[in-house]
Amino acid sequence: MLDDPRTVRISGDDTAAVHRRLDDADAERRPEDYRGKPVPEAYVWCNLTSGNGTRALWLLLLPFMVVNLAHWMRPATRGRQRTVRLYGLLVRLTGLTLTVLLVAAACEVALDLAAWQCAGTRACGEEHSWLGFLSPDMSGNGWWSQPGRRLALASLVPAGLTGLLWYLSHRTWSAYESQRPLSRGAEPDEEAGRTGLGRPGFWYGRRLVARLRAAHTAAALLTVTAAVGGPAARYDREAADSAVLDSLGLLLNATLVVGVAVVLWVVCRRGRSERRLDRELDAALVGRLPTSSLVLLVLTLAYAGWSRPGWQSEGRLPGDMTFGGLALVQGVLVIALGVVARVLYRTRPESRTAMRGLGGPAVAMLACALGGVMSGGVAQRVADWLDGTRGSLPGPPVLLTWQASVIPPTLIVLLGLCGVLARRTWQLRSREVGSVERDYEFDDELDYKGEPKDPARTRRIASTRAMATLTDRAPLMLGITSSVTLLLGTAALVGALTTGDTPAEAARGSYVVVQGTAETAQALGSWLIGLGFILLVTWGRRAYKDPAARRTIGILWDVGTFWPRAAHPFAPPCYAERAVPDLTWRMVTWTRATGGRLVLSGHSQGSVLAAAAAWQLPTSVRKRVALLTYGSPLERLYGRWFPAHFGPVALTSLHREVDCWRNLFRLTDPIGGPVRLPGDCGPQVDREPLKDPLAHGRTEQHPLPAPILGHSDYQADPAFAEERGRLLARLAPEVPAPRAQDDGAPQGSSGRSSG
C-alpha cells in the first residue's frame with residue numbers, strides 16, 4: 001500500500017494498525033520537507049477477518065452470519081418506525097430458531113442416535129465398543145445402561161457446544177463490541193437524508209449483544225434440558241410407578257416453559273440503541289439467565305438419572321415434532337418478514353433495490369436452509385457411521401430425510417438457472433466485442449497503432465466484461481433459490497407430517513416412476529448432504545492449517561461481518577466495530593493536533609469502511625476530508641442490498657458532507673462499480689470507466705501485453721494519481737504541523753493523505 005519496504009507502525013496493535021513509510025514517520029516535525037507533497041499512511045485491518053487458525057471455526061457459524069445480514073437488508077422507508085421495529089424483531093426470532101436448531105441437531109446425534117438408539121441396540125453396541133458401558137447387553141445392565149443416565153451423560157455434548165458458542169461470543173464481544181467509538185453529539189436523523197451509520201451508537205452494540213448472548217445461551221441450555229427431561233417425564237407419566245417422580249417431572253417441565261417465556265421476552269423486549277453511546281450493561285440479566293438455565297439443566301440431569309429399572313429405549317426420540325415445529329416456525333417467520341419488508345418498500349420504492357425490498361426475507365430463508373442442511377448432514381453422516389447398511393437403527397427423524405431428499409430437485413433448478421445465465425453471458429459477450437473495439441478506437445482492418453487487430457484478445461476483454469456483470473444477476477439467483485427452497489421445504493414438512501415415513505417408504509406401492517424418483521431423490525439427497533458436511537469439515541481443517549485458505553475465508557467474511565451483531569450473538573464478530581472507531585479516532589486526533597486536511601482513499605471493502613468512518617466524523621472534521629474510492633461496492637452491492645443505510649439518499653448526503661468525492665471503476669470489475677448518485681451529483685463523483693487493459697496491443701508505453709486487472713491494482717492506472725492529485729490540490733495548500741495543545745486533544749502524527 002505504501003510502495004516502500006521500510007515501514008513503521010504509527011499507532012495500533014498486531015490486529016489493526018496505522019503504518020507509514022519510515023522516512024515519513026516524523027513528517028509533522030519537518031513541514032518544510034513536505035511542502036506541496038502528501039504524506040501517505042495505510043490502515044491495515046486484514047487480521048480482523050483472517051487472523052489465526054481458530055478463525056476456521058467461523059464456518060460453523062455461517063447460518064448465524066447470514067441471518068444477521070437479513071437484519072440490515074431492510075428497505076429504506078419513510079416513517080413506519082413500529083414496522084421497522086417489527087422487522088428487526090422477526091429477524092431476531094428467526095436467529096433464535098437457528099440456535100435451537102443447531103443445539104437440537106447436536107442432541108439428535110448425541111442423545112438419540114448414539115445414547116438412545118445405538119447403545120440400546122445390541123448389534124450397534126457390539127460394533128462400537130466405546131459405547132459398551134452404555135449398552136445394557138454389553139455391560140450386563142450396568143449403572144450407566146439405564147436410558148435416563150445414558151441421555152444425561154450424552155447431554156454433555158450439546159451442553160459443551162453451547163459453552164463453546166458462549167465462549168466465542170464472549171471473547172469476540174470483549175475484543176470488538178467493547179471498542180468504544182468517539183463520543184460526539186447526535187446529528188439529524190436519517191429521515192432528514194442521513195443514514196443510521198452516522199449515529200453515535202451505531203458501532204457500539206455492546207449492550208444488545210450481551211443481552212442476546214444471554215438469551216441464546218439460555219435457549220440452547222433449555223433445549224438440552226427438554227431433550228433429556230422430556231423422555232423421562234413421559235415415561236413417568238405413562239408408567240405411573242412413582243408419584244414423586246411424576247410430580248417432579250411436571251414441575252421441571254413447568255419451569256422449562258417459564259424459562260422459554262423469559263428468553264422470548266428478552267429477545268423481543270429491546271433492539272439496538274444507536275442514537276447514543278449506550279454504556280449500560282444488564283448485568284443481572286446477562287449473568288442470571290444463563291446461570292438459571294444451567295441450574296435447571298443440572299436438576300433435570302439428576303431427575304433423568306434416577307433409577308427406573310423398567311425403562312428401555314425403543315424406536316427413536318420424538319425428534320420429528322421438534323424439527324417439524326422448528327421448520328414450521330421458521331417458514332411462518334420468513335413469510336411474515338416478507339410481508340413487512342414489502343410494506344416498508346412501498347413507502348420509499350427505489351428501482352435499484354435488490355428484489356424490490358425482499359432481499360432480507362430471501363437471505364433469512366437461505367440462513368434457515370443452511371441451518372437445515374448442516375443439521376441434517378451431521379445427523380445423516382453419524383447415522384450412517386453408526387449403523388452402516390445393516391438397518392438395525394431407526395435412524396434420524398423422518399423430516400431430516402425428507403429435507404435431504406429435496407436437495408436434488410433444488411440443484412436441478414439451480415443448474416438450469418446457471419445454464420440460462422451462461423447463455424445470457426455468452427450473448428452479452430458477443431455484444432461487448434463491438435464495445436471493446438469502439439473503446440480502443442479500431443477501424444475495419446487495423447488497430448489504433450496501425451497494427452493488425454488481435455480478435456482473441458478482444459474476445460478475452462469482452463468475456464471479462466460479460467462475466468463481471470454476473471454480480472448484477474445475484475438478485476435473480478437468490479430470489480429463485482429462496483423461493484424454491486421455501487416451496488420444497490414446505491412440501492418436505494407436509495410429506496413428513498402426513499406420512500410419517502421416509503420418501504421411499506411413502507412412495508412404496510404407487511406408480512413405478514414415482515417410487516423410483518422418490519428412492520433416487522432420497523439416496524442422492526443423503527449422499528449430497530453428507531458430501532456437503534464433509535466438504536465443510538475439510539475446508540475448515542484446511543483453513544486451520546493453511547494461511548492462504550484462511551485468507552480466502554476472510555475475504556468471504558468481509559461483507560458478512562461488516563455489520564454489527566444485531567440479530568444473532570453467535571455470528572462471527574463485526575470487524576467494523578474495531579475498524580471504524582480506529583479510523584475516526586485517527587482522523588479526529590490528527591486534524592485537531594495539526595489543523596490539516598486529508599484524502600481518505602479506500603479500495604473495495606476498504607471504501608465501505610472509509611464511508612462509514614466519514615459518516616462518524618464530527619461535521620467540522622468531515623468538511624476537511626476528501627474521499628477517493630476505487631473498485632468500490634458502495635452502490636453495486638451495499639446500495640442495492642442494504643438500501644436503508646447505503647441507498648441513494650444516504651450516499652448523496654455523504655457526497656454533500658465531505659469536501660469532495662471521486663470514484664474510479666472498471667467495466668471488467670465484478671465487485672466495484674459507479675456510485676450512481678442522482679442528478680448532477682453523479683458526474684461529480686463517478687469518473688468515466690477506466691480502460692482495462694490500459695492498452696489493447698503492444699505500444700511504446702506497453703511493449704508487452706498489458707494485463708486485464710479487473711478488481712485489482714487500481715493504483716497502476718494513471719487516472720488514480722491524477723484524481724488523487726486533484727483532490728490534494730483542492731484541499732488547503734498549507735503544510736500541517738503540530739500546534740499548541742490548548743484543548744487537551746492528543747498529539748497527532750498523520751499526514752495529509754490516508755490510504
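I count a charge as sitting over a ring if NZ of Lys or CZ of Arg is within 6 Å of the ring centre and within 35 degrees of the ring normal. With that rule I looked up Arg308, which lies over the face of Tyr303 at 4.8 Å from the ring centre. I also noted Arg149, whose charged end sits over the ring of Trp143, 4.0 Å from its centre.

A note on the model: it is predicted, so I keep in mind that local features need pLDDT of at least 70, side-chain atom pairs count only at pLDDT 80 or more, and totals for chains, interfaces and linings use all residues. Residues are numbered from 1 along each chain as its sequence is written, and side-chain values use heavy atoms, with hydrogens and water left out.

Next, ring pairs. I pair rings of Phe, Tyr and Trp (its six-membered ring) if their centres lie within 6.5 Å; planes under 30 degrees apart are stacked, over 60 edge-to-face, the rest tilted. I find 22 aromatic pairs in the structure. One of them is Trp72 with Phe202, tilted, 5.2 Å centre to centre with 55 degrees between the planes. Trp72 is in helix H1 (residues 62–72), and Phe202, 130 residues apart from it, is in the loop between helix H6 (156–177) and helix H7 (206–239); helices are DSSP runs of H or I, at least four residues, numbered from the N terminus.

Phe562 is buried at a relative accessible area of 0%.

Terms used. Helices (H or I, at least four residues) and strands (E, at least two) are DSSP runs, numbered from the N terminus. Buried means under 20% relative accessible area, exposed over 50%, partly exposed in between (1.4 Å probe, protein chains only).
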